[in-house]
Amino acid sequence: MKTFVEWIKNALLEVQEYLRLVSQVGRALVSRPFYGRDVVQQLDLIGVGSLTVVLLTGLFTGMVLALQSGMTLDQFGARSIVGRLVSATMVKELGPVLTALMVTGRVGSGIAAELGSMVVTDQIAALRALGTDPIRKLVLPRVIAGTVMVPVLTVVSNGVGMLGGMIISVTQLRVAASIYWSNVVDGLYMADIWMGLIKPVVLGFALVSIGCHVGLRTKGGTQGVGRATTNAVVTGSVAVLVLDFLITKLLISVLY
Amino acid sequence: MTVPIDTPRASEAPGPTAPREDTSPDGPPLVDGEVPVIAFDRVTLAFDDNVVLQDISFTLLPGRMKVFLGASGSGKSTILRLVLGLLRPDAGRIWVLGERVDVMPEADLMAVRSQVGMIFQDGALFDSLTVRENVGYRLFQEGDVPEDEADARVDEVLGFVGLSAFADRMPSALSGGQRRRVAIARAMAARPRMLLYDEPTTGLDPITAMTVDQEIVKVRDLEGASGLLVTHQLRDAFFVATHEAVRGPDQAVQFVPASAERLARTEFVMLKQGGIAFEGTVDALRRTEDAYLRAFLS
């Protein structure tokens with residue numbers, strides 16, 4: 001019982017500290033100094049650096065989606081509308097979630113490991129000693145980059161996913177490319193586009209801020225850095241899935 | 001709250017921390033009419049049930065150095081972190097350069113920290129920056145110094161610690177001793193009024209440790225910066241206390257036995273079980289009859 005109470009207390013403490021970090025990021029966003037060069041550097045590291053993994057994920061997801069849905073649609077003689085299914089699924093759900101999960105694995109873990117190493121080697125303390133606020137210098141640029149680049153990567157992933165779906169539709173399902181693309185456009189409504197753009201903004205912010213929070217709370221030397229990296233991926237991934245559900249529910253009630 | 005202070009360098013009044021002449025409710029206590037650069041007043045700090053510091057009081061006058069000795073876990077490094085406001089005390093008051101840092105908001109502390117340099121135990125150099133970028137960090141990132149002036153200052157301090165040839169290397173390509181010297185260069189680049197050394201020679205071989213000791217003496221005597229040195233390396237502590245750096249006729253730096261006046265400007269503080277067990281000059285420490293101190297010194 002005592003262990004359970006301790007666990008609850010620790011969980012609440014983590015949530016409190018996370019919210020405190022988020023509020024500090026908010027304050028840093030609207031006050032000086034602002035480290036613009038670090039923002040550009042992080043946009044490159046998070047955005048361009050994640051492009052390969054996101055392209056591959058999007059491509060193969062679109063391809064497998066076309067394959068699987070083609071088989072199911074065949075049962076109803078509706079193979080020609082496979083494009084509608086691929087586009088709606090990619091834009092509304094799989095594009096944002098899979099991109100966020102891939103970025104969590106690549107970027108969230110990297111941020112936690114980098115900041116965690118800086119904590120255990122006193123580099124964060126050295127930053128503060130040199131008169132630099134680590135939130136402004138390290139956290140804010142990463143959060144901005146994550147919030148901006150995850151939606152961009154999601155759009156790229158969606159596009160490549162639809163392209164992958166087309167390749168399978170044409171080569172395996174024998175659906176003409178023109179019919180496929182016509183269905184892709186028909187299957188999308190403005191509400192879907194909004195959902196596909198709003199979700200990754202929230203997910204990008206969450207996964208990067210969680211990586212920063214876990215990294216800055218690292219304790220216990222190099223072993224602690226390993227733990228922090230694992231925690232960042234696990235917590236970030238779970239947060240992505242939970243937030244995806246909550247945002248979907250909210251947006252359905254607002255947009256549709 | 002700001003207590004205006006002038007910046008006198010070492011005065012003619014040597015000796016152990018003098019008793020307080022005045023303690024105003026807002027300002028730091030005056031010692032021999034001087035405003036100390038650091039003043040601790042009954043500072044207590046505990047981590048959970050572990051009391052690290054208990055009612056610690058001391059002062060550091062401008063241009064002086066205090067060497068903190070003590071066993072591992074005696075709270076030596078904690079004192080440096082309290083000075084910089086990286087930790088907050090549970091009780092007591094701390095003034096640094098006339099400012100109450102124990103109650104100061106983090107944003108305001110940046111101004112105080114900009115006048116203090118700290119050398120962390122393992123250097124704490126930024127892995128992703130070159131030696132030049134590390135040394136000039138404060139000038140390039142936080143200051144409004146023109147770039148050519150900042151570059152010139154970086155070259156100057158790298159020359160001071162004898163590492164000009166290493167400016168473009170990454171910290172991972174340096175030896176332990178070189179990393180500590182770069183850390184000293186980084187701390188002094190922005191011409192701080194005070195330097196804090198956290199175990200700067202721990203883990204170094206005696207010859208490399210000596211080069212670091214010499215840098216500490218040079219910064220104190222040639223740059224005139226006040227300092228707190230935390231160490232449990234007695235040989236290094238005594239070297240710093242008993243030597244002074246002077247420039248020879250050819251401007252080369254020489255290390256000679258300290259004059260009586262210089263000797264008195266460096267004091268030792270021995271921490272034991274969260275309190276101060278001894279405070280005084282090197283001669284007083286050598287003469288002590290305290291059994292714990294004798295055991296520590298042996």
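Helices (H or I, at least four residues) and strands (E, at least two) are DSSP runs, numbered from the N terminus. The model is predicted: local features need pLDDT of at least 70, side-chain atom pairs count only at pLDDT 80 or more, and totals for chains, interfaces and linings use all residues. Residues are numbered from 1 along each chain as its sequence is written, chains are lettered from A and ligands numbered from 1 in the order in which they are written, and side-chain values use heavy atoms, with hydrogens and water left out.

View 1. Most residues other than glycine have a negative phi, and most peptide bonds are trans.

**View 2. Cis peptide bond between A:R32 and A:P33.** Omega of this bond is about 0°. A:P33 sits in the loop that runs between α1 (2–29) and α2 (36–47) of chain A.

**View 3. Overall fold of chain A.** Chain A contains nine helices and zero strands, and its pattern along the sequence is α-α-α-α-α-α-α-α-α. The C-alpha trace of chain A spans about 65 × 50 × 35 Å along its principal axes.

**View 4. Packing of α4 and α6 in chain A.** Helix α4 (residues 82–120) and helix α6 (residues 134–171) of chain A pack at an angle of about 145°, and their axes are 7 Å apart. Axes are lines fitted to C-alpha atoms, for helices over the stretch in contact, and angles run from 0 to 180 degrees between N-to-C directions. The crossing of α4(A) and α6(A) is right-handed, that is, the near helix is turned clockwise from the far one by less than a right angle. The residues of this contact comprise 13 nonpolar, eight polar and two charged.

**View 5. Salt bridge between A:D192 and A:K92.** The closest N and O atoms of the pair are 3.8 Å apart; a salt bridge is a side-chain nitrogen of Lys or Arg within 4 Å of a carboxyl oxygen of Asp or Glu. A:D192 lies in helix α8 (residues 190–216) of chain A and A:K92 in helix α4 of chain A, so the pair ties together parts that are 100 residues apart in sequence. Over all chains, the whole structure has 31 salt bridges.

**View 6. Interface of chain A and chain B.** Contact (heavy atoms within 4.5 Å) involves 15 residues of chain A and 19 residues of chain B. Two salt bridges cross this interface. A:R128 forms a salt bridge with B:E106, with the closest N and O atoms 3.2 Å apart. Helix α5 (residues 123–129) of chain A supplies six residues, the largest share of the side of chain A that touches chain B.

Note on methods:
Ala, Val, Leu, Ile, Met, Phe, Trp, Tyr, Cys and Pro count as nonpolar, Asp, Glu, Lys and Arg as charged, and the others, Gly among them, as polar.
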